[in-house]
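This report sets out what can be read from the model shown here.

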Amino acid sequence: MTEKENITKNSEIKDFILKTGHNPYAGKVFFQKKFEKAESILSESLLPDDPNFEENLSTSKQSDSISSIGLLIKNTRIERNITQEDLAQKLNVEKSLIVDLEKNPQSATMAFVVKVFQVLNAKITFDVILKP
Amino acid sequence: MSFERYQLEAYEDLMTFEFISKGPNGDIQKIIVFSKFKDRDYYNLAFGDKIEGSNDFDDESVSDNDDYLKILATVAKAVLIFTEKNKEAWVVATGSTTSRTRLYQIAISKNLIELQIYFHIYGYKDKKWIKFEKNMACEAFLVKRK
């Protein structure tokens, strides 16, 4: 965050009137329908703080051939029912590397990609198509 | 955040905030409530109009002071203040109607770049939480401080 943003943020956080005394609304139930609707949604979905939650790719993103390797790794991992953390452990690397690999595989070496698929008990093949 | 909004008042627990919407329909007292879900660090965000003559609130009323963007900016500020105190909290919000949810979606989309400075933002769509993108239609919203 830039210094300007930090200053703005801090002044925003302090800019409200603190009311003294007992909160007359404490313990009361308001907006029950909304609460129940939200509770239902939370109970039927995988939440972002769940270890198995995977940040879904944007529906508008286009995949190119490099990005699709990241997708292949991710899909194979999910197929094998393995979390990013578990895969990182098996490969003896940090979880952040796996997160990065699935999103931006460009910086990974071919050897590492092949190793990942080996650990996932999968075989990757390359198909070369000569352009005219 | 740099948008026009109403002055907030809050009790020490920062679970309820109040403000007054001003406009053609006069002064309308509003309340913002954060309600904790059992056994997890998730809170429901709801807000609405005070019912005159009582201490009850209504989140389905259509009192319109033509200030919905200002109201939503005020609510966003309350979320910022609340999550400053509760840094690990996830805040979920749904509209009481489909059109209300769409209004929130529009407001978030309009201010997405600035909101993303402070928050991770997710939208609930097809029974999944997805990283929110501009103009993404969804049924609910989930945010957490960065």
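**The interface of chain B and chain A**

The model is a predicted one. The size of an interface is often given as the accessible area lost when the parts come together. For chain B and chain A, this buried area is about 4,400 Å², and carbon and sulfur atoms contribute 60% of that area. Within chain B, the residues that lose the most area to chain A are Y11(B), F37(B) and W129(B), which together make up 15% of what that side buries. In residue terms, chain B supplies 53 residues to the contact, while chain A supplies 39 residues.

Polar interactions also cross this interface. Between chain B and chain A, 10 residue pairs are in polar contact, with both residues at pLDDT 80 or more. On the side of chain B that touches chain A, strand 4 (residues 42–50) of chain B provides the largest share, namely six residues. By residue class, that side of chain B consists of 25 nonpolar, nine polar and 19 charged residues. The rule finds four salt bridges between chain B and chain A. A salt bridge links the side chains of E44(A) and K127(B), with an N to O distance of 3.7 Å.

**Strand pairings**

A pairing of strands joins the two chains: strand 1 (residues 17–19) of chain A runs parallel to strand 1 (residues 9–11) of chain B, with three bridges between them. In this pairing, K19(A) has Y11(B), in strand 1 of chain B, as its bridge partner. Y11(B) is also among the residues of chain B that lose the most area to chain A.

Another pairing lies within chain B, where strand 7 (residues 119–125) and strand 8 (residues 128–131) are antiparallel and joined by four bridges. Opposite Y122(B) stands K131(B), which belongs to strand 8 of chain B. The hairpin formed by strand 7 and strand 8 of chain B has two residues between the strands, and D126(B) adopts a positive phi near 50° there.

| Residue | Relative accessible area | Class |
|---|---|---|
| K30(B) | 8% | buried |
| I98(A) | 0% | buried |
| A108(A) | 25% | partly exposed |

K30(B) lies in strand 3 (residues 26–36) of chain B. Because its relative accessible area of 8% is under the 20% limit, K30(B) counts as buried. The side chain of K30(B) makes a polar contact of 2.5 Å with the side chain of D49(B).

I98(A) belongs to helix 5 (residues 95–103) of chain A. Not counting residues up to four places away in sequence, I98(A) touches Q84(A), L87(A), A88(A), L91(A) and V93(A). For L87(A), which is 11 residues from I98(A) along the chain, the separation of the C-alpha atoms is 7.6 Å.

A108(A) is found in the loop between helix 5 and helix 6 (110–119) of chain A. Its relative accessibility of 25% falls between 20% and 50%, so A108(A) counts as partly exposed. Leaving aside neighbours within four places in sequence, A108(A) is in contact with L101(A) and V113(A). A108(A) and L97(A), 11 residues apart in sequence, are 9.5 Å apart from C-alpha to C-alpha.

Terms used: Residues are numbered from 1 along each chain as its sequence is written. Chains are lettered from A and ligands numbered from 1 in the order in which they are written. This is a predicted model: local features need pLDDT of at least 70, side-chain atom pairs count only at pLDDT 80 or more; totals for chains, interfaces and linings use all residues. Side-chain values use heavy atoms; hydrogens and water are left out. Contact means heavy atoms within 4.5 Å. Buried area is the accessible area (1.4 Å probe) that two parts lose on being put together, summed over both. A polar contact is a pair of N or O atoms within 3.5 Å; within protein, one must be able to donate a hydrogen and the other to accept it, and residues adjacent in sequence count only if both atoms are side-chain atoms. Ala, Val, Leu, Ile, Met, Phe, Trp, Tyr, Cys and Pro count as nonpolar, Asp, Glu, Lys and Arg as charged, and the others, Gly among them, as polar. Two strands pair if DSSP finds at least two bridges between them. Buried means under 20% relative accessible area, exposed over 50%, partly exposed in between (1.4 Å probe, protein chains only).
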